Amino acid sequence: MKFAELEETLGDIERARAIYELAVSQPALEMPEIIWKAYIDFEMKEQEASRARDLYGRLLEHTQHVKVWISWAKFEMSVESQDNVERCREIYEKASSMLKDEKDNAQRAMLLDAWKAFEAENGDTEQQERVQRLLPKRVKKRRKIYTADGSDAGWEEHWDYVFPDDDANAPHLKLLQMAKQWKMNMDDKDDSDSDEDESDSNDSS
């Protein structure tokens with residue numbers, strides 16, 4: 001990477017690009033995210049948006065990490081063009097679909113938070129509500145745990161996310177909504193009983 005930066009300083013852009021290309025083509029990279037980021041930053045500095053866009057696509061063939069998706073979306077917003085908002089939105093839509101398939105709930109939730117913030121600044125009411133409907137609920141769950149030798153070690157509680165657009169989670173979300181409604185009804189009943197007790201007390205006096 002230092003050689004690429006040297007060539008860039010000397011003004012030999014094509015040679016610098018060739019060195020970056022050689023670096024990311026290595027089968028086993030130490031700290032690959034740093035090299036890919038440097039290459040993308042290089043193309044952005046050269047105002048080569050299409051090349052940077054291509055690099056994001058290639059990087060996502062190696063990793064589906066949410067930070068790469070969010071970085072790509074922010075890059076699209078930084079490009080001065082008439083369709084930068086729509087390009088950014090397309091990245092969030094694609095990322096949401098891909099991370100759903102990856103079944104990494106924490107990264108998926110992080111992506112949706114970033115998408116929500118983007119629509120709050122750039123979207124209309126319909127687009128904001130659309131993302132709002134995708135947001136997960138954070139719930140406490142239990143899972144089996146095992147020792148190093150595979151023996152049963154009981155259960156542990158952990159926090160997870162339940163997404164409304166996952167078919168398997170539909171019954172779970174319905175139960176959560178019913179439980180929430182039951183609690184609200186009980187709170188209303190307690191308030192009503194308290195008011196009646198106070199009224200009876202005033203009548204007795």
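## Overall layout

Helices (H or I, at least four residues) and strands (E, at least two) are DSSP runs here, numbered from the N terminus. By that count, the chain has nine helices and two strands. Going along the sequence, the order is α-α-α-α-α-α-α-α-β-β-α. The model is a predicted one, so local features need pLDDT of at least 70 and side-chain atom pairs count only at pLDDT 80 or more, while totals for chains, interfaces and linings use all residues. Residues are numbered from 1 along each chain as its sequence is written, and side-chain values use heavy atoms, with hydrogens and water left out.

The chain runs to 205 residues, and 29% of them count as buried (buried means under 20% relative accessible area, exposed over 50%, and partly exposed in between, with a 1.4 Å probe and protein chains only). The accessible surface comes to about 14000 Å², and carbon and sulfur atoms supply 49% of that (areas come from the Shrake-Rupley method with a 1.4 Å probe; for residues, only the protein chains shown count as cover). Take the contacts with a separation of 6 or more: 39% of them link residues 24 or more positions apart (contact means heavy atoms within 4.5 Å).

## The nonpolar core

The largest nonpolar core holds 37 residues (such a core is a set of buried Ala, Val, Leu, Ile, Met, Phe, Trp, Tyr and Cys residues joined through side-chain atoms within 4.5 Å). Trp69, Trp72, Tyr92, Leu111 and Trp115 touch the most other members. Two or more residues each come from α2 (13-24), α3 (32-45), α4 (49-59), α5 (66-78), α6 (84-102) and α7 (105-122). The top contributor is α5, with seven residues.

Leu111 is a handy place to start looking around. Leaving out residues up to four places away in sequence, Leu111 touches Val66, Trp69, Ile70, Tyr92, Ala95, Ser96 and Leu99. Beyond its neighbours within four places in sequence, Ser96 is in contact with Leu111, Leu112 and Trp115.

The axes of α5 and α6 come within 7 Å and cross at roughly 170 degrees (axes are lines fitted to C-alpha atoms, for helices over the stretch in contact, and angles run from 0 to 180 degrees between N-to-C directions). That makes α5 and α6 roughly antiparallel (angles under 35 degrees count as roughly parallel, over 145 as roughly antiparallel, 65 to 115 as roughly perpendicular, and the rest as oblique). The crossing of α5 and α6 is right-handed (right-handed if the near helix is turned clockwise from the far one by less than a right angle, left-handed if anticlockwise). The residues that meet include Trp69, Trp72 and Ala73 in α5 and Cys88, Ile91 and Tyr92 in α6.

With α7, α5 packs at an angle of about 15 degrees, the axes being 9 Å apart, so α5 and α7 are roughly parallel. Here too α5 makes a right-handed crossing. Val66, Trp69, Ile70 and Met77 of α5 form the contact with Gln107, Met110, Leu111, Ala114, Phe118 and Asn122 of α7.

## From α7 into α8

Helix α8 covers residues 125-132, and its axis comes within 9 Å of the α7 axis, crossing at roughly 165 degrees. The two helices, α7 and α8, are therefore roughly antiparallel, and this crossing is left-handed. On the α7 side you'll find Leu112, Trp115, Lys116, Glu119 and Ala120; they meet Gln127, Gln128, Arg130, Val131 and Gln132 in α8.

## Two loop residues with positive phi

Most residues other than glycine have a negative phi. Gln47, not a glycine, has a positive phi of about 60 degrees. Gln47 sits in the loop between α3 and α4 and is exposed, with a relative accessible area of 73%.

Lys103 also has a positive phi, near 60 degrees. Look for Lys103 in the loop between α6 and α7, where it counts as exposed at 69% relative accessibility.

## Arg143 in the strand region

Arg143 is found in strand β1 (residues 137-146) and is partly exposed, with a relative accessible area of 39%. Arg143 and Glu156 are 13 residues apart in sequence and 5.6 Å apart in space, C-alpha to C-alpha. Not counting residues up to four places away in sequence, Arg143 touches Gly154, Trp155, Glu156 and His158.
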